[in-house]
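Please keep the sequence and the coordinates in view while reading.

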Amino acid sequence: MEAFVPRLTELAHGGGCGCKLAPSVLQTLLAGQPTMLPFMQLLVGSETADDAAVWQIDDKTCVIATTDFFMPMVDDPRDFGRIAATNALSDVYAMGGRPIMALAIVGMPIGKLAPQTIAKILEGGASICADAGIPVAGGHSIDSVEPIYGLAVIGLCHPDELRRNSGARAGDALILTKGLGVGIYSAALKKQALSLAGYDEMIASTTLLNRIGAELARDPDVHALTDVTGFGILGHGLEMARASGVTLSIALSRLPFLLEAEALARDGFVTGASRRNWESYGAEVSLPEELSDWRRALLTDPQTSGGLLVACAPDRADAIAGTIRDAGYSFARVIGHAEAGTPGITVTG
């Protein structure tokens, strides 16, 4: 009799960046943490909810450090490893840096997953690191109740090329580099309602490295960067707005969505994380009157290995968006602008 082999997603209560703590919970936990002020070389810590920590070594070199891990959002072990690694590397690119090495973070239910399955997860992560031109130089593993995989990543950048989420200026244009809807696709996949074409589209998006961030950081007209992950476009947009002291205006009609995202959202394939996101930050967002719940869910949808949100000089926005598309990010487009005002987000039609 053949042994039962569980689906990876059956072993996890959540998946991908949808596993993240709700924004309101995270803010509460971080509120009592000690200040970073005594460390003058720490250019970026946790004060603005940025993507990674940054330590300046000298006039030419900053070290970027980050870690990211989660539970599976797909059942194919190699795809899970690839997605998790791409997502972890994104934090370095979102700071304008280039990764130089990674360490694996591995927690697996040894009695439930075969060693060959776990090996495929690690192989998938290593393949993405190879694509990025870096080694997986070590790591740490534990026996855990649910499968967990991710990376700790070290990167470098020149101090002049460091890009924070706090650099957006009033008048800046906003560009998004990837399509939204990964969480919705993941919810449909878990209920076996995602088409094969939809799955292929999701994998293509979530395994596309955000290496364009390092190129954008060389452009002085690019003022701020952040990646859009578990808090959705509204949540990470709010982090940029708060850190920069501006309000963001986002045009719903200009947002790029994965091809089946709107239809699936309309049919109710929405994650619990999407609802928690809205409950955490909805008071700081102005939506069009009578916006349907399913459309709102598109805005709060947790992205796993999502795109970059870019704030740049308005007269260069179309050219910069074109450069991003030419680099292989076909969904990239201008989605709105920043303006003076109380930090928050206004969504227009």
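Which residue in β12 is the bridge partner of Leu 248? The partner is Ala 338. The model discussed here is predicted.

**The seven-stranded sheet**

- The strands of this open sheet follow the order β8-β11-β7-β12-β9-β13-β10, and their pairing is mixed.
- At the edges stand β8 (222-227) and β10 (285-286), each of which pairs on one side only.
- Strand β9 (residues 247-251) and strand β12 (residues 333-339) run antiparallel and are joined by four bridges; the pair Leu 248 and Ala 338 belongs to this part of the sheet.
- Helix α7 (residues 232-244) packs on the sheet, where it touches β7 (173-176), β8, β9, β10, β11 (308-312), β12 and β13 (344-348).
- The direction of α7 makes about 135 degrees with that of β13.

**Helix α7 against helix α9**

- Helix α9 (residues 272-281) crosses α7 at roughly 30 degrees, and the two axes come within 9 Å.
- Angles under 35 degrees count as roughly parallel, and α7 and α9 are therefore roughly parallel to each other.
- The crossing of these two helices, α7 and α9, is left-handed.
- On the α7 side the contact involves Gly 232, Leu 234, Gly 235, Leu 238 and Arg 242, which meet Asn 277, Trp 278 and Tyr 281 of α9.

**The six-stranded sheet**

- A further open sheet has six strands in the order β1-β2-β3-β6-β4-β5, again with mixed pairing.
- Its edges are β1 (42-44) and β5 (136-143); each has a single partner strand, so one side of each is left without a neighbour in the sheet.
- From one strand to the next, the twist averages 20 degrees.
- Strand β2 (residues 53-58) runs antiparallel to β3, to which five bridges join it, and the two form a hairpin with two residues between them.
- Within this pairing, Val 54 stands opposite Ile 64 of β3.
- Nine bridges link β3 to the antiparallel strand β6 (residues 148-157), and Asp 68 stands opposite Leu 151 of β6.
- Strand β4 (residues 98-108) is likewise antiparallel to β6 and joined to it by nine bridges, with Arg 98 opposite Leu 156.

- Helix α2 lies across β3, β4 and β6, and runs at about 150 degrees to β3.
- Helix α3 lies across β4, β5 and β6, and runs at about 20 degrees to β6.
- Helix α2 (residues 77-94) and helix α3 (residues 115-132) also pack on each other at an angle of about 40 degrees, with their axes 7 Å apart; that angle makes α2 oblique to α3.
- The crossing in which α2 passes α3 is right-handed.
- Residues of α2 in this contact include Phe 80, Ala 85, Leu 89 and Tyr 93, and those of α3 include Ile 121, Gly 124, Gly 125, Ile 128 and Ala 132.
- In helix α5 (residues 196-206), the residues Gly 198, Tyr 199, Glu 201, Met 202, Ile 203, Ser 205 and Thr 206 are buried; the elements that cover them include α2 and α4 (182-190).

- The cysteine sulfur nearest to that of Cys 62 is that of Cys 157, at 4.6 Å, and Cys 62 is in no disulfide.
- Cys 157 is likewise in no disulfide, and its nearest cysteine sulfur is that of Cys 62.
- Cys 62 is buried, with a relative accessible area of 0%, and Cys 157 also counts as buried, at 8% relative accessibility.

Methods: Residues are numbered from 1 along each chain as its sequence is written. This is a predicted model: local features need pLDDT of at least 70, side-chain atom pairs count only at pLDDT 80 or more; totals for chains, interfaces and linings use all residues. Side-chain values use heavy atoms; hydrogens and water are left out. A disulfide is a pair of cysteine sulfur atoms within 2.5 Å. Buried means under 20% relative accessible area, exposed over 50%, partly exposed in between (1.4 Å probe, protein chains only). Two strands pair if DSSP finds at least two bridges between them. Contact means heavy atoms within 4.5 Å. Axes are lines fitted to C-alpha atoms, for helices over the stretch in contact, and angles run from 0 to 180 degrees between N-to-C directions. Angles under 35 degrees count as roughly parallel, over 145 as roughly antiparallel, 65 to 115 as roughly perpendicular and the rest as oblique. A crossing is left-handed if the near helix is turned anticlockwise from the far one by less than a right angle, and right-handed if clockwise.
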